[in-house]
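Let's take a look at a pocket and then at some strand pairing. Here is the model.

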Amino acid sequence: MLTCTAVAQTEAPDAKVPAPKKQLQAQRITEAIKLDGQLDEAAWQQAAIATDFIQNRPNPGPPEKHKTEVRVLYDDANLYIGAVMHDVSADSIMRELTPRDDFGNTDFIGIFLDTYQDKLNGYGFFVTTGGVQMDCRYSPAGGEDFNWNAVWDSRTSVKGTDWYAEMRIPYSAIRFSQTSEQVWGLNFMRQRKRDNQAFFWNEVKPAVDGFVNQWGRLEGLRDIKPPLRLSLTPYISGYINHNPVAEDGTRRTTTSFNGGADVKWGINESFTLDATLVPDFGQVQSDNQVLNLSPFEVQFNENRQFFTEGTELFNKGNLFYSRRVGATPIGFYNVEAGDNEKILKNPQETRLLNATKVSGRTKNGLGIGVFNAVSNDVYATIRNEETGQERQELTQPFSNYNIAVLDQSLKNNSYVSLINTNVTRFGRTYDANVTGGLFRFANKKNSYAVDGRVVYSHRRGNVFHKQEQIDDQDGFKYQVGVSKISGNFTWGINQGIESDSYNPNDLGILFGNNNISQGIYGNYNRYKPFWKVNNLYTYFGIDQSLLYKPTLYQKTNLYGGANTTFTKNFLTIGFNFDVNPINRDYFEPRTSPLGKYYVRVPANGNFGAFLSTDYRKKLALDLNAGIREYAKEDRFERPRRLGIGFGVSPRYRVNNKLNFRYTLDWSTNRNQIGYVNPSSGDNGSLADKYPEDAAILDEFPKAVLLGRRRVVTVSNVLQAAYTFTNRMSLTVRTRHYTSTVRYLDFARLSPAGNETPVDYTRNRDNTFNAFNVDAVYSWWFAPGSQISVVWKNAGATFLQANEATPLYFDNLNNTINTPHNNSVSVKILYYLDYLAIRPRRA
């Protein structure tokens, strides 16, 4: 987060008190401004100047030595920002080119706007010396969200020892009220990368909780009206896909063409409707597939722009996991072929028909959001190989996904929120509804806060394709905390419960319910330089959790860590640790209800450290390493468990246009005890079709098989980026991942954590390999309009028993030589703004 490194004076008596709010008068203009980065129009010379910025890092508090001068103009349609950044010489002005929304190794100037003055929500617009644009939204739920993109324009230039920036932000890019005289929250930020310095016009102090509440004021905006915000971004896309392992009778190379549009409509001055019609997400970055040995699902990043842009309201309370929309069909894993049958087609994704969101905030600080998406029926196709007859099996019924949010901003950086999520599926299956309430109340001095949430989950209907009712129909969650939020020393205590039937997973994500948790934490930070370092950040705490039903002990965790940056060479180092007494893992056995079975985890401790060198250098390096040691078990003659891992990531900047980054992550877990991961096509660790499994199941029908194993995981990622101009770039990302599991012996788990060694001879070793290439050429040929060409190469293998190998280069060779899916796509978006194309009056 850009602002998380913001620092302020801490030795001063008023370190916990926000700085006085500066004011800047905006100047109305009637003549047009030519956006060229020159600031040579007379209006710029007549405008009030924002200057005397305060250093924010590395040494907070002193005034800037090299002045920054910013002016604000406005007319009936746009806000104009003109900035002059003085420096000592031209070669002191860093100017790396990067793709949009990537700061890189460069100077920049930014403007922050809080158009409703609620001191919680705001906009940020940035431009670098090379003309690269970044924009973001600020909110309590999303923090600093650079996934948000607006349509605006800017130009920069360098003259002698100064550099200049001009921005034009149309009123259609932001939202504000209808009042005749506007007063907005305002701040500016400048970065001088040469000295790793950052400055704010209105001082921002990290010992003061919050960011938007520390901005100044923009005054003088009169008689501006929110415009009719109506834009259409149609797209067309074409794909060539090659699948070398396609089924007999199907084409290995296929082509497809798609078309659709994104629509934005400003319903009024506060609210906007965003809709995507027949969306196409085929060009998003590939997921980082991994071997999952845990009892919980893998959470993937959201890369689809419609679900990352402007979603801060819908993310309140963390009840919305957008990957559920268009996810794997709920019946995907239950498709089975009968005798003499073969599964020809079983789609892994649900195609969306459309998605719509309406969001905004009134002048009284009430945020309202409504999200809705619709997906069509999904079918698997199964063929009888004797008769050739094909049948279809429904794996996902026609479904509607809906979210409604009310979020009221209050004084003192406080708020209350109400969120409801709902999934309705047509046909004989279940629907789901989740309702949550959130609050945060801070005192007038913004030094202490109370926060909490209450959530209720409600599910009704039958299990998909079955007659029985779902068993987790009603559940609840609550959490409450008290914290000291400002000053060098901050702390908090919290307590919460998630009931055994709480389940928000139809539109959210939860890794485990049935939990009672409580914790206490603290932070002690020094923000000003001392000794040989710029700052010091520390944290520490203790957590404990119990099973909710039945109430049983689970675990205790004592943790802490610290990091600092050295003054001269900007080397950042840090460490972390945690200590855990013997705990009980009730989730690893995969049994229900929880409580009867658990895996005992010996007392253990972890220590990790990291190092990061100065990114201003052409060659920079990130390193991290960690080790977790376990106590010797007193029940078995087992070797001690041990976990070791390290990562190394060098990055090299060839010049201001070309850079490379390589990341290697390696880890090994020796003598790990865990549920034996299922073989391909099996739903559990034991299956009757295998004689070795049947022998155990005959004697113990509900047997849980555990294995002592060694797990080695290696991930390699190589990225290269070439930026032709501030609006055109080419990036290539290659990833190879391999994880190998080798079982050493086995035990049958009994109630109360008892394990009995078994003579089990079936080979359960396995190796998972994944390989991806994502190459993306992007050209923003006009504001909001883009041409992108994407090549994707993907392949994955799951090797079992004798085919599994722990040798890395054997896995790499196997992955490379395995047939891969390839696709090449071209997508064209063209932004059409009604205000620009409407007929002119005579």
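The lining of the second largest pocket counts 17 nonpolar, 2 polar and 7 charged residues (Ala, Val, Leu, Ile, Met, Phe, Trp, Tyr, Cys and Pro are nonpolar, Asp, Glu, Lys and Arg charged, the others, Gly among them, polar). This is a predicted model, with pLDDT of at least 70 needed for local features and 80 or more for side-chain atom pairs, while totals for chains, interfaces and linings use all residues. Residues are numbered from 1 along each chain as its sequence is written, and side-chain values use heavy atoms, without hydrogens and water.

The pocket holds about 660 Å³ of space. Among its 26 lining residues, Asn78, Pro170, Asp833, Leu835 and Ala836 come closest to the centre. A pocket here is an open set of points on a 1 Å grid over the protein atoms alone where a 1.4 Å probe fits, with protein on both sides within 12 Å along at least five of seven lines; lining residues have an atom within 4 Å of a point. Volume is the space filled by probe spheres set on the points, which are joined across faces, edges and corners.

Strand S11 (162-170), strand S45 (832-833) and helix H5 (834-837) each give two or more residues to the lining, and H5 has the largest share, with 4 residues. Helices (H or I, at least four residues) and strands (E, at least two) are DSSP runs numbered from the N terminus.
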